[in-house]
Structures are given as C-alpha cells and as structure tokens.
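Look at the chain first, then read on.

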Amino acid sequence: MIRRLIAFDTTSRDSNLALIDFVRDYLAKLGVASELFFDESGKKANLFATLGPPGDGGLVLSGHTDVVPVDGQDWSSDPFAVAERGGRLYGRGTCDMKSFIAVALALSAEIIESKPRAPIHLALSYDEEVGCIGVRRMLEELVRRGIRPLGCVVGEPTEMRPIRAHKGKLSLRCEVHGFECHSALAPRGVNAIQYAAEIIAELNRIGRQFRDVGPYDPEFDVSYTTVHAGVIRGGTALNIVPKDCWFDFEFRHLPADDPDSIHNRLRDFVDATLAPEMRRVAASSGVTWRELSRFPGLSTAEDAEITQIVKSASGGNSTGKVAFGTEAGLYQESGIATIVCGPGSIDQAHKPDEFVALEQIALCEDFIRRLVRLAAPRA
C-alpha cells in the first residue's frame, strides 16, 4: 500500500484526485462508502469514510495526501517509486505522511471484520503543505452534521511518540512601495529595498525579544515563538532606486501567543517610524500587508481521554510538544480533541532521499490495532 500511494505524484501544486479515486475504489471493495469534498477548481478533494457503525464516539485517523516538491533535490532513486534499502523505504511522502495513511488503509478490512462498537473515520486532506487549506472545508461539514468523535489522531511523523501540542503559524507578505529615480539622485527617491530591510531588522528585534525574555515553554523543542523571513524580491538595476520590494515572513508561535498582536507590533513600528518618512518624499509610497496562510497551535491536556488512549496504544508513558505545525489545531478548533502520532522522523521530511524505517511501520501497525481496540472495542 505504501508503494501504491507513493507512486501518485501529489505535489501540492498538482491534483490529488488520482490518489483519492484509488482510495475511494479500494474502500468501496470493502463495502465502505467515501464522501469527497472538492476545492473550487474541482481538481483536488478531501476524502471522508467511516469503518464500523455510524454515530458518536470512536476516532478519526487523519492524514494529508499532498507532498512537497522534489524540484532541485538530489535523489538517489526515483522519488515516486519506493526503494527499499537497509531496512528503510525511500520515496517522497514515505515519512510525511503517506505511510500512516497506507497502514490505516491496509488495516481497514481487519478493522471492519473486528466489528467495532464505535466508528473509525478515515479523513484524507489536500493542500496541508501550503497552509492546512483543504481540511478546513471537510471540518466545516463535519461540524455542520454534528459528527462528534471521541478524538482524532493525526499521523504526522513523530517516531510513534504521542505529541499533544504544537506551534501555530501565521505567514504574511510585506509589500513595500517606493518611488523610482536615478541612483545618483537617491535622496529624491524612496528605496523600497532599504525600507524592506528596516522592517526585517525590526522583525529580527522582535524575534530576539522572544528568544531572550520569552515567554517560554521548555517542553517544546524550540521553547519560544520564532520569527523568520524566508523570501525577498525587489529592484531592477543597481543605478535605479527601486520602486517595489516584497518579502514573505512567518511567526511560529506558542499556542498561547497571539500572532496578530505580534504582527500589530510590526505594523505600529512601520506606521509610526517609516511610513511618515517615506511619504514626505513621495505621497504614493507606503507599506501593505497580505496574509498568506495561518493555522492554530495545538494544546491537548495531558489528562485528556484521547491523550491517555493514545499513550496506552503507543506503549509509551510520556507525551511531547513540537515546533512544526499540523492540521491537529484545526481539528481541536472544531471541537475534536486531537493528538499527533505517526511513523518516521520529521528530520527526514521535505529532504532528498526522504525515508521511513520499516521498524516504524511495524510500530504503526501495532499502534493502530491497539488504538482501535481501546477507542472502539469489538461489539
């Protein structure tokens, strides 16, 4: 099943329908109906299916079907054909996160035959890698229908350790609009690149403040909210004062931190310090902001029922918190208690020669079997 799913190139920029159709047909042969929730283009879809009886309780096993690009990466083998070497399966998505989906699908017949007393839902989404976009449409519909599972397990790579909290993310584009002129007359222009640099410097100052004074949560692998600028574009030629510059940046915030308030601190700096200076030279100049994506953090209580069930199913006695984000916070916002737990290590995600260890797959098989017994025991 892992080989089959990896063979579908579901890079986020492309359609995932070939994979979704395969899963729908596979489940149909087991007597399970699937419902698809499409995006506006009709070229991508979420899939929702229920193993066992309908009703409240039970669990959602959740995973995203899209993967990040392989462009420019140096792979030792075809990234969309699983290669087995040294007890590992190599391929794009083996770790992040088609192996979890594959295990759930491969065990579906076994789950059905066990006649669980509560439903086991399979929820597959699109466009997680570009902002947790697809799952929102599916969750809105589940809430509207009053579907109330006991909890959800998002199978992102955690080395099968239960993760009960992760950071949220807000990503934005800052567009700086300047005023062109010959560089020999630079004071008569508004240099968009240099003003963008001042805004980035202020971002760095805000980031250092979080680093130096917190707030902190030492259970996270990075214990404070972080600030990051990742892409910048601007200018046309060295002898022209640049009219335009834009850059993309993000806040990876602790669940308790408000990313909008952090952004407002940056906006206040621009409005009070930079914008008046820019407009004294050219009234048309200024700064605009555009939200690119956001998803909330996850924070599930240690003593929550779903936490205890997942801990027991994993065979571990502890939980963790991680800096990377998932769809889990959106499930929690929708009223579904959620834990992240899946095979593989996040250290392998998004890299060339991405892999998952076979021993992790075996642990995941045992985990899902125990999870179903605990959350939906046999009738």
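A crossing of two helices is called right-handed if the near helix is turned clockwise from the far one by less than a right angle, and left-handed if anticlockwise. By that rule, H8 passes H10 in a right-handed crossing. The model is predicted.

**The helix pair**

Two packed helices are described by the angle between their axes and the distance between the axes. Helix H8 covers residues 305-314, and its axis comes within 8 Å of that of H10. The two axes cross at roughly 140 degrees. H8 is therefore oblique to H10, because an angle has to be over 145 degrees to count as roughly antiparallel.

Which residues make the contact between H8 and H10? H8 supplies Ile309, Val310, Ser312, Ala313 and Ser314. H10 supplies Phe367, Arg370, Leu371 and Leu374. By class, the residues of this contact are 6 nonpolar, 2 polar and 1 charged.

**The sheet**

H10, residues 358-375, also lies across E4, E5 and E16. Its direction is at about 65 degrees to E16. These 3 strands form an open sheet in the order E4-E5-E16, with antiparallel pairing. E4 and E16 stand at the edges, each with a single partner strand, so one side of each has no neighbour in the sheet. On average, neighbouring strands are turned by 25 degrees against each other, direction ignored.

| Strand | Residues |
|---|---|
| E4 | 83-85 |
| E5 | 88-90 |
| E16 | 355-357 |

Strands of a sheet pair through backbone hydrogen bonds, either parallel or antiparallel. E5 and E16 pair in the antiparallel sense over 3 bridges. Within the sheet, Leu89 stands opposite Val356 of E16.

**An aromatic pair across the strands**

The structure holds 7 aromatic pairs. One of them joins Tyr90 and Phe355, with ring centres 5.5 Å apart. Their planes stand at 50 degrees, so the pair is tilted. Tyr90 sits in strand E5 and Phe355 in strand E16. The two residues are 265 residues apart, and the pair links distant parts of the chain.

**Tyr26**

Where does Tyr26 lie? Tyr26 belongs to helix H2, residues 17-29. Not counting residues up to four places away in sequence, Tyr26 touches Met1, Leu105 and Ala106. The C-alpha atoms of Tyr26 and Ala282 are separated by 62 Å. Along the chain, Tyr26 and Ala282 are 256 residues apart.

Definitions and conventions: Residues are numbered from 1 along each chain as its sequence is written. This is a predicted model: local features need pLDDT of at least 70, side-chain atom pairs count only at pLDDT 80 or more; totals for chains, interfaces and linings use all residues. Side-chain values use heavy atoms; hydrogens and water are left out. Two strands pair if DSSP finds at least two bridges between them. Helices (H or I, at least four residues) and strands (E, at least two) are DSSP runs, numbered from the N terminus. Axes are lines fitted to C-alpha atoms, for helices over the stretch in contact, and angles run from 0 to 180 degrees between N-to-C directions. Contact means heavy atoms within 4.5 Å. Angles under 35 degrees count as roughly parallel, over 145 as roughly antiparallel, 65 to 115 as roughly perpendicular and the rest as oblique. Ala, Val, Leu, Ile, Met, Phe, Trp, Tyr, Cys and Pro count as nonpolar, Asp, Glu, Lys and Arg as charged, and the others, Gly among them, as polar. Rings of Phe, Tyr and Trp (its six-membered ring) pair if their centres lie within 6.5 Å; planes under 30 degrees apart count as stacked, over 60 as edge-to-face and the rest as tilted.
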